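Here is a short briefing to read alongside the model.

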Amino acid sequence: MFSNLSAENSLIASQVFHDVCLSFLSIVLEGLPFLFLSAVVSGLVSAFVPPSAWATLMPRSKAGGLGIGIVTGFFMPMCECGSVAVVRRMLRQGLPRTVALTYLLASPILNPFCVLSTYYAFRSQHPWSMVGSRLTLGLILIIYLSWSLSRRRPQEILQEDLWIQDGKQTPSLNNEDCCGHDHGHDHGHDGHHDREDYHSHHSPRYLRFLHAVSEDFIAVLTFLVIGAAFAACLNTFLPRESLAAWGQHPIMGPVLGVFLAQVLCLCSTTDAFVIAAFPTFSFAAKLAFLVSGPLFDFKLVWMYQVIFRRRTVFWLWFNITLGTLLLIYLWRPI
Amino acid sequence: MNVSSFRALFSPLVLCVWGVVMLDIVFTGKIRTLLHPAFYPWVAITGASLLLVSIALVFTPGALHPEPWLTWFGRGGLLLVPILFALSFAPSTYSSYTVVNRGLNASSYRPPSAITAGAAPTPDSSVGKPLAVDVPYILSSTDADDNRKLLDGKSVELIGQLYPANAGEFDLVRLLIYCCAADASPISVRVKGDASSQKSEDWVDVTGVVRFTQKDGQWTPYLDLESIKPTTPPADPFIY
């Protein structure tokens, strides 16, 4: 009997392992075209946009930066996998932090595709109320997060290679000033700065383009692979059916919505279709899922680390989770 | 080639492997088990572009820089081992463990394609033959009284994957995807009848009579089994 049980368990384990492989492969493959597109945009920025351009084009005030980030997110929508690489490159090029981080947070949720998919998914469940609530709460949360992050020093929140004061370049990237003085500064963390210097404005544009495309693609791909592996495991093991029983509870419903969004790691243009099909979830629980999902999930835990320090990623998780729940409890649209 | 110039091949190698993997997935047809068709051309373009970037890096003077061995074995392992593993072991569909974990939707449901089409497809109503329908058609028929009355008591023929349920019953399942296989949601019709001759997860062609039950105002369809036979998987295993 025990040998039968053991054989059955090993069969299930093998099937589950295969299911994880299937989920992992599909998540990675879905993100790759967006990631490559964003790496190409990064390459074009690196080759054709001089760092000084950002200082003259972008507003200096935080409020202006927030506005530009949100508007750019709406008209240049990009999913989470894509925006990370572009924002990383633009931060290194000297784009003001407020604009870059607002765009990072806003582009996956405040965009026309998200509006359309949410409307269609909820066509029989108060579609305009859901679309309006999702956009409004998302906007409030993004303004709060971007404003809070822009008030902190870059050294506190950003990865070491992105420590750039708004509008000013780090020494290793300062193409305007690097001529005529010591090129030996700041070299030697891991060879990264050496490569950046090598591909400064002294290099032809095609070299800068090639370098930025390959480096940004590989840098973000590493975190996409780790994030997708976690997402695939959670996606496979999570018993959605039994969790759904809590979906109508006035307090636990939204908590469950946020939890599911963070665990399932769905793309922001399709998440509405998946949650709309959960018949036992309340409107508030579905709204919590749709507001928090594009801003934070367990795939983004890893991908955000391309840009943010680990403790900032934790800060984002805490504030997005708590902020979403507070807003949902206060909002009560239906 | 000396060690230093070999170490400089890290980026082109990684890009080349990912490009080949993506093109392999497209041209072997494995992509049908992974993504929504809207992604197919983009995956092919991305795979080909990665190969081109990889070649350009190798043949452009000054584009390559040696990477430390730590990067080769650390980041390189992370970037190459999981994807090659997943490519080797990913099956064409989910096991019953995952399908049950995701929860079967067996009542009113209409996939996005039915929204854009405007109405459910009209079944073949040749006299004497069972109506040729599919799982989404039967589920969407619960939305409107006319459609439900049209199907109620009729003999229908449809295909799907068999997942065992209670004794003497099974679920005929189709996986609905919006984007990729990771978001697959199972939709199903319960079939009452003996299917012990078939294996779990196999594709089967089922003929049966449609019945409806109502609970809390919600209509749920089921089939009384007339016949069942194994069939080949459709070209597109998912419903979009």
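A residue is called buried when its relative accessible area is under 20%, exposed when it is over 50%, and partly exposed in between, using a 1.4 Å probe and protein chains only. With 37% relative accessibility, B:Ser227 therefore counts as partly exposed. This is a predicted model, in which local features need pLDDT of at least 70 and side-chain atom pairs count only at pLDDT 80 or more, while totals for chains, interfaces and linings use all residues. Residues are numbered from 1 along each chain as its sequence is written, chains are lettered from A and ligands numbered from 1 in the order in which they are written, and side-chain values use heavy atoms, with hydrogens and water left out.

**Around B:Ser227**

- B:Ser227 sits in strand E6 (residues 218-230) of chain B; helices (H or I, at least four residues) and strands (E, at least two) are DSSP runs, numbered from the N terminus.
- Setting aside neighbours within four places in sequence, B:Ser227 is in contact with B:Asp205, B:Val206 and B:Thr207, where contact means heavy atoms within 4.5 Å.
- B:Glu157 is 70 residues away from B:Ser227 along the chain, and their C-alpha atoms are separated by 9.2 Å.

**Chain A as a whole**

- Chain A has 16 helices and zero strands.
- Of the 334 residues in chain A, 60% are buried.
- Taking contacts in chain A between residues at least 6 apart in sequence, 81% join residues at least 24 apart.
- The accessible surface of chain A is about 13200 Å², with 67% belonging to carbon and sulfur atoms; such areas come from the Shrake-Rupley method with a 1.4 Å probe, and for residues only the protein chains shown count as cover.

**Helix H16 of chain A**

- Helix H16 (residues 310-331) of chain A has 22 residues, which at 1.5 Å a residue should span 32 Å, and this agrees with the 31 Å between its end C-alpha atoms. The expected span is 1.5 Å times one less than the number of residues.
- Buried residues of H16(A) include A:Trp315, A:Leu316, A:Asn319, A:Gly323 and A:Ile328.
- Among the elements covering these buried residues are helix H7 (127-151), helix H12 (252-264) and helix H14 (283-292) of chain A.
- Just after H16(A), A:Arg332 adopts a positive phi of about 40 degrees.

**Salt bridges**

- Over all chains, the structure holds 13 salt bridges, each being a side-chain nitrogen of Lys or Arg within 4 Å of a carboxyl oxygen of Asp or Glu.
- A:Arg88 and A:Glu215 pair through their side chains (3.1 Å, N to O). A:Arg88 belongs to helix H4 (residues 80-93) of chain A and A:Glu215 to helix H10 (residues 205-237) of chain A, so the pair ties together parts 127 residues apart in sequence. Both A:Arg88 and A:Glu215 are buried.
- A salt bridge also joins the side chains of A:Asp216 and A:Arg89 (3.0 Å, N to O). This pair likewise links helix H10 and helix H4 of chain A, 127 residues apart. A:Asp216 is buried at a relative accessible area of 0%, and A:Arg89 is buried at 3%.
- A:Asp161 forms a salt bridge with A:Arg92, with the closest N and O atoms 4.0 Å apart. A:Asp161 lies in the loop between H8 and helix H9 (192-198) of chain A and A:Arg92 in helix H4 of chain A, so parts 69 residues apart in sequence are tied together. Both A:Asp161 and A:Arg92 are buried.
- A:Arg88, A:Arg89, A:Arg92, A:Asp161, A:Glu215 and A:Asp216 are linked in a network of salt bridges.

- The size of an interface is often given as the accessible area lost when the parts come together.
- Chain A and chain B bury about 4800 Å² between them, 75% of it on carbon and sulfur atoms; buried area is the accessible area (1.4 Å probe) that two parts lose on being put together, summed over both.
- In chain A, the residues that lose the most area to chain B are A:Leu22, A:Leu25 and A:Leu29, together 14% of what that side buries.
- The interface brings 50 residues of chain A into contact with 59 residues of chain B.
- Zero salt bridges are found by the rule across the interface of chain A and chain B.
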